[in-house]
Amino acid sequence: MSTAVSDPYDNIPAAPTDEDIGKFYDKPEADKKALLNQVFRSLKRAQDLFYHDYTQPPPMPEENDNLIRSIKRTHEYGSVIKKVEEAKKRRENEMLALPTSQPINGTGSVIASAGTPLAITDGTGKLVNQQSSSQKGKLLPLVPLGSNTKSEDNTTRSLLPSKAPMMMKPKWHAPWELYRVISGHTGWVRAVDVEPQNQWFASGGADRIIKIWDLASGQLKLSLTGHISSVRAVKVSPRHPFLFSGGEDKQVKCWDLEYNKVIRHYHGHLSAIQALAVHPSLDILVTCARDSTARVWDMRTKAQVHCFAGHTNTVADVVCQSVDPQVITASHDSTVRLWDLAAGRSMCTLTHHKKSVRALTIHPRLNMFASASPDNIKQWKLPKGEFMQNLSGHNSIINTLSTNDDGVVVSGADNGSLCFWDWRSGFCFQKVQTKPQPGSIESEAGIYASCFDKTGLRFITAEADKTIKMYKPDDSATEETHPIVWRPEIVKRKAY
C-alpha cells in the first residue's frame, strides 16, 4: 500500500496575478491596512531571522566601548604613555628655559663647568645682562649645557655638541689578593662549585675525581670516583642533598651526599659534557655538550624533558634562572640563545659576538647577564636580550665568568689572567696574572672555572696547574690607599 509523500513546497502560495492585485484594490480601506500589516510583519520576521547574526553580541553603546578601550590602553601601554607625557613636559620645560630674544653682542668670556649652566661674562667676571625691549634690566634664563635641542641663532650654545657621550664613574671596590693555594688534583681542575650552606665546595678535574674541600680550612674532606674520563662540570643543588657532575665520558651523574653514592644517571648526550646548571626553583637539570645541544632533564625520573637544538657548534656554557628566559646557552658558533622552557624552543638569538662564546654569568640581583668571548665581554638586559655595554680589555680566550652581589665581575682566561670589573660602569679596576705552582710549565697557567662563595667575599679558581686558588678582598684597603685609576676619555660608545 503506497503512501503519498507531501511536497514541502506545496504550502508556499503562488505569486499574485493581475486579477489578485485588482481584487486587492477593490477591497475596503480597513482590509487593505490589515493585509499590509500582515505583509510587514512577515517581512520583519524574515529580517529578524536571516539578517541578524545571533552569534555576535549586541552592539555596545559608544560610551561603554570608549571606556573599555581606555582601560585596555591604560593596562597595556600605561607605562609607555606615562613616559611619553613626562618626555613632553621635560621638552616644554627645556623650551621655556631658552632665551626668547637675541643676546647682546659684547666682549667677554664663557664660563661653564660640568653640571652648571652656561653664562656670558664681561672682562671683570660679572654676568652680562641680556636685555630686550620687553624685559629691561632682567637677566634672561641661562642656557643649559649640552641641551638636546639645537640652536638656530648665533649664540655660544650652537657651538656645543648636541649630545655628549656619558661615562659612568666606577664604584670603588677593594683589590683582591691571593690567600690560599690548594694542591690535591693530579690533573687539570676543570670545575668548581660552592654548596648552599657555604661550608664546603666541590671540584672536578682531568684526574676523573670529584673532591670535596672544607671552605674555611681548605682541607680535603672526601673524594668521589665514578667517571671514566675528565670531569668537566660539577653543581650542588640548592634545594636537595644532591651533587650533579658531567664529564667527557658523556655521563651525567647525580650523587646523593648523604650516602656519597651515585643514585641516578642521565643518558642522552652524544658527546662530551661541557657544562650543567640546576634550576633554582624547579626539579630540573640542564646540561650542554659538544653535540651542539642543551638537554633538560627531570631530576627525579631521569626523563629528558626537552632537547634544545639550534646551535651549530659546541654549547660551551648554560645558566638557569627562575624567570623567563629560564635557560640561556652560549656556544662556539658565536651566538647566545635565550630559551622558552615551557615551549622548548628558542626565544631569541644574540649574534653580536664575533668569536666563540665560552662563559656566561647572571647578575644575582639585576635582571641582567653577561657573556664572554675573546673579542669582548658583553652585558645584556633581560628578558629580551637588549645589549647594554661592552667590557673591553681582556684580550684572551675567556673560559669563565663570575659575579657577586657587590657588582664585581671576574673573568678568567686561558693565559692565566684574571680581570676584576665593576658591573655598572664596565671599568676594569684590577688585573691579576696567576703564577703556576712550582714544577709546572709556563703554559699551564690557564684558568678553567671559577665561582664566588655565598657571601661574595671569597673567590675560587680552578686552574691548569692542578691547583685551586682562593682570593679575598684586602681588608686594609681604602679609597685613599688604593684610589681608582680612572681616566675617562671622550670616545664614541659602540652600538654593539
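Visitor: What is Leu341 in contact with, beyond its neighbours within four places in sequence?

Guide: In this predicted model, Leu341 is in contact with His279, Leu282, Ile284, Val296, His306, Phe308, Gln326 and Val327. Contact here means heavy atoms within 4.5 Å.

Visitor: Which residues of the largest nonpolar core touch the most other members?

Guide: Leu341 is one of them. Strands S12 (273–278), S13 (284–289), S14 (293–298) and S16 (315–320) each supply at least two residues of it.

Visitor: What makes S16 mostly covered?

Guide: Buried means under 20% relative accessible area. In S16, 6 of its 6 residues are buried, so the strand counts as mostly covered.

Visitor: How do you know that S16 and S17 pair?

Guide: Pairing takes at least two bridges. S16 and S17 (residues 327–331) are joined by 5 and run antiparallel, so they pair. A hairpin of 6 residues connects the two strands.

Visitor: Why are S12 and S15 called edge strands?

Guide: The open sheet runs in the order S12-S13-S14-S15, with antiparallel pairing. S12 and S15 (304–309) each pair on one side only. From one strand to the next, the twist averages 20 degrees. Within this sheet, S14 and S15 pair over 5 bridges. Val296 stands opposite His306 in S15.

Visitor: Why is the pair of Arg239 and Asp283 called a salt bridge?

Guide: The cut-off is 4 Å from side-chain nitrogen to carboxyl oxygen. For Arg239 and Asp283 the closest N and O atoms are 2.6 Å apart, so the pair qualifies. Arg239 sits in the loop between S8 (231–236) and S9 (242–247), and Asp283 in the loop between S12 and S13, 44 residues apart.

Visitor: How do you know that Arg300 forms a salt bridge with Asp283?

Guide: The closest N and O atoms are 3.8 Å apart. The limit is 4 Å, so this pair counts too. Arg300 lies in the loop between S14 and S15, so the pair ties together parts 17 residues apart in sequence.

Visitor: What joins Arg239, Asp283 and Arg300 into one network?

Guide: Salt bridges that share partners do.

Visitor: Which side chains does Lys469 meet in a salt bridge?

Guide: Lys469 meets Asp465, at 2.9 Å from N to O. Both residues are buried.

Methods:
Residues are numbered from 1 along each chain as its sequence is written. This is a predicted model: local features need pLDDT of at least 70, side-chain atom pairs count only at pLDDT 80 or more; totals for chains, interfaces and linings use all residues. Side-chain values use heavy atoms; hydrogens and water are left out. A nonpolar core is a set of buried Ala, Val, Leu, Ile, Met, Phe, Trp, Tyr and Cys residues joined through side-chain atoms within 4.5 Å. Buried means under 20% relative accessible area, exposed over 50%, partly exposed in between (1.4 Å probe, protein chains only). Helices (H or I, at least four residues) and strands (E, at least two) are DSSP runs, numbered from the N terminus. Axes are lines fitted to C-alpha atoms, for helices over the stretch in contact, and angles run from 0 to 180 degrees between N-to-C directions.
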